[in-house]
Each structure stands twice: as C-alpha cells, then as structure tokens.
Amino acid sequence: MAAAAWVDAISAPYNEIRDLYAHDNSSAEFSVTVNRHFSRLFESADAFNAIPVLCPGSTHKDSSMVRFSAMVQDTSADAEMYLVCSPQNQPGGWGLDVATTNQHSQQTLDYSSLRECAIIWATSIPGRSPWTDNTCPPPPSPSEINHIENTGHRNTSRYPIPNTPHISVQIKVYDTTLIESFKPTSLHNFVGIFNQEPIAVILEDQSQPLVPTLHLLYSTPLSMTLDPLIHPNLNLSLNIRDLWNELIRWVADEALAGDFETSRLVLLTAVGRVHSRTPPILPLSLTISGFPSPPSSQSGNRPVLSEVLSHILPLSIQVPLSLPLLNSTRFSPSFTSDDTLQSGLLQLPKGAVLVLSESAISEGILHQQGVENLKTMQEVINIQKLDYIFPYTNYSFDTDLDVIILTEGRKSAFFQTSTTIPLVPAYSNAENRLYRPPGSLNLPSADKIDSFRALLNAAKVGSVSVSEATAQHIQDDFVSSRTKNPSSMNADGLVSQMLIARFVLPCVANAFLISQ
C-alpha cells in the first residue's frame, strides 16, 4: 500500500473513517470494517513505527492517532451506547458521535443505529525494560507524572507498582469481537484516536476531570518477550552452550559475587513459565539464602541483581519488602466503593520476573492486610493464581510469574519456594559487590548482550520435552539418593529436578534458536 495512504491516515484519522464509511457502509458492523482496514493499512513495520507513541510525558492533541503498548488492567467497566450512523448518514463512534447525539432530539434518533461500545482500562506495561522499547523518551520526573496522570482522579490507582512513571488509559472498543482477547494482564499494542474525556460511566457528572481516552481502531497482541525471538545481531553459528555459560558467568560476577551455581539457578528460574495447569507444570520459584543486607555505605541501593536482570530480561520487577509495605499495599486487585478496580502489586504481566528482597524487614507488627498479602503471594508461588477482590465475591485469574526471593537467613521469613540455594560468594567484601550505585555495571558488548537476550527469550517461549533417557536418569538418581540417605530428597525434590531439566534443555541445545 502506498506510503501516502498511511501518512494521510495518521494526520487525519477522522477523514479516513469518513472516507471508509462513504465507500463501504453496507456492513451491519462497520466497526469490523474499520478494524480490518486500519490493521491492513499499518501492517508494515514502517507504517506502524510512524504512528506517534503514547507514553508517560508525551503530549498529543485531541483527535490524534497514537499507539500504546500496554497491559490490560480492568475489563469490568460497563459498556456504553453510540450511534453508528447519524441522521445525515455520517459515521459515529471513535469520538465522532458526541456532537451528533447532542444536536438532534430523540424524535430524530434511529434506535436501529445504536451499537454497544465496550470499555476497558489499560496501563503502561509494569516492569518493562527500557531496551525493549526505544520509542519513548526517558521517564519524566515524578512531579511531571503527577501533572499528567495524578489529577486527583481515581484512575491513578490502576498501576501496580507504586511511585513509578506510567499512564493509565480508558480504551473504547467498538469492534466487540475483540473483547475476548483482552484479558487482565494481557499485553497489546493498541492503535487508536486519542482524546481527553470523562470516564464513560459518569459522563453526566460534569465536575469529573478528563482522563486519557483511546478510541480503538485496531490492536495486535504482544508476547511475554516483547521482542522478536531471533535477534538480527545474534550469531546463530555460535555454540549456544558456550553462550549460556558466558551468560551465567557474567551474571555471577556482576550480581552474585561470583557464585556460578546460584547464577545458573537464577537464570533457570527466570526462563520458567507455566507449561500446563492440568496437570500442573509450573515455573520454579527460588530463594537465595544468606544474601546479606546492604552495608551502611550502600543502604540506599537496591541489589545489583535487579539491574542486571533488567538488562537481559524484558519484564522484571524488584520489590523491597518491609512491614510498612506489607501492611499498607494491597497485593491483590480490589474493587473500590467508587466502582474502580484498584490494581494490586501482583497484577503483573505473564512472564515477568519478580525479585523480592527481605533485607528491609525489621521487627514490628504485621497487620491483617499484611497477613493477607503474604497469603496471596504464597498462592501465586504455589498455584500461579491471583484473586481479584470484587464486592461480595472473589474471582481467581491465572498468573505466570517467576519469583526470586533474597533473604539473609537460612530460609525466607515468609515464603516457601520450590528451591532454596545458599549464596556462596567467590570474592571477599561480597556486600559491596552485591549492592552498588546504578550504572556501575560492567556491561558486555552490544552484540554479546543482544545474544544473551535472544537466548533467554528463546528459552522462555520454546517448547521442549524431557527425553525418556533424561527422565530415567533423574529417576534413577532420585532412587539412589533416597537409598543412601532417605531424608536427602522427597517427591518435591524429584519434581524440581524434572522442571530444571525441562528449563535447561532450551538453554543449551545448539540448534534451538535456529529451529524456532
């Protein structure tokens, strides 16, 4: 399709809709026609990348065409009605219908032209690493975010991670055949027409401030890797086993004081995902014990492990646990008295790696909210389910999170994980290596870190099976260990070994990336 076509559509999207309606208004569902037309118009990478990006700190005029990479946060909002066609045979919807419905009395209203528009809320992708998207400018300061987002309205609670730059958007979906694909925490590229509008369910309340609103033209799903599986800079002739070992060594040296075995388990945990729910084949969860608290000179710094993971994983979140956080922050999304689904700390996209640090835990009282949060976190670890708290009932939604816990003791103070490994530093003065100021990493070359990312992405989404020979070897080893020392391993340990074997295979198979 000629470049001029999509250039004109970006500059004047409403004209594109009117022209489309003039040439093709015979369909009973014009919204499907609009979705199909715009998705084809922008199917090329050049056309899609030319669409302005909606992100924290960006500015857009009303009626601008934008794209928004986002996580679906709430699908429970009530639908609204709109006129698909005005008495003058002009299209409605996508922000075009407001003037039409206000300028004509009910006597001239053709009720057969009424259609339903679904409403969802979406927010900036929590935990997204900057390297996965170079289209947004650096995050603005918190004061700028407050000016953009926190206008005293209730949509400010729709993002799960406190004190983080983000934008939450009300999305109006006209092609209702798309609704089934918009599940809570699913990731999508939304393309639509941007406006500042009141919340749909309270249009009559003129005192309400305006919120970012996107009239959806079309959308495309985003995978949990947020990145192409095969990276253009990846040398496919490289020995993948060697690359895997290089990655383990780099993470060990930069983030784990040289502990190679703990580094290996961290990476195996990070590439885990839910393979099956029935029977349950769930990702590993990991506790690193003996992980020291930061020295006084580094007390304001988070573990270097979090920064390292953000350079090689598309989705990672670090949470410093403390009694104030546990007692005051909800881990589960909850429906508030003003009909808002307030996000919870664990309302995160599938595939995200969550690093929980217990170093800030001190003596004190754990309140009821804190107890509920600990129970919620343990359920996510055990069964990968998260309750959404609605009036009179709870609904359980699937999660797919990889959890790594850092604790100074021999085991976590609060959680049970499938695997625990003690940190064994290879260097002296380990605390100063585990905690450093941001930006102090020794990064590999750009090509090398691209190869690391591609390897982990491939391992994350690849599908492999444990061979009969490998399964038999693990079983024989389990029987041998139990014979020599009955207390050395239980059935859970056998399951963990099978899971590790499943996750190791895509990381070390030389032909894995090529076959994908």
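Helices (H or I, at least four residues) and strands (E, at least two) are DSSP runs, numbered from the N terminus. Residues are numbered from 1 along each chain as its sequence is written. The model is predicted, so to speak of local features takes a pLDDT of at least 70 and side-chain atom pairs count only at 80 or more, while totals for chains, interfaces and linings use all residues, and side-chain values rest on heavy atoms, with hydrogens and water left out.

Confidence comes first. pLDDT is the predictor's confidence in each residue, from 0 to 100; its mean over the chain is 83, with 80% of residues at 70 or more. Where pLDDT is low, the predicted coordinates should not be read in detail.

Next, strand β1 (residues 64-74). Eleven of its eleven residues are buried, where buried means under 20% relative accessible area, exposed over 50% and partly exposed in between (1.4 Å probe, protein chains only). Strands pair if DSSP finds at least two bridges between them. β1 pairs in the antiparallel sense with β5 (residues 187-197) over eight bridges, and S64 has F194 in β5 as its bridge partner. With β3 (residues 114-124), β1 pairs antiparallel over four bridges, and D74 stands opposite W121 of β3.

S63 is not a glycine, yet its phi is positive, about 75°; it is partly exposed, at 31% relative accessible area. W94, in the loop between β2 (80-83) and α5 (97-103), is another non-glycine with a positive phi, about 55°, but W94 counts as buried at 1%. A cis peptide bond, with omega about -5°, joins T278 and P279; P279 lies in the loop between β7 (276-277) and β8 (280-281).

As for helices, α2 (residues 13-23) and α3 (residues 30-41) pack at about 120°, with axes 11 Å apart. Contacts between them involve, among others, I17 and L20 in α2 and V34 and F38 in α3. Helix α9 (residues 304-312) has eight of nine residues buried, so it is largely enclosed by the rest of the structure; the buried set includes V304, L305 and I312.

Conventions: Axes fitted to C-alpha atoms, helices over the stretch in contact; angles between N-to-C directions. Contact = heavy atoms within 4.5 Å.
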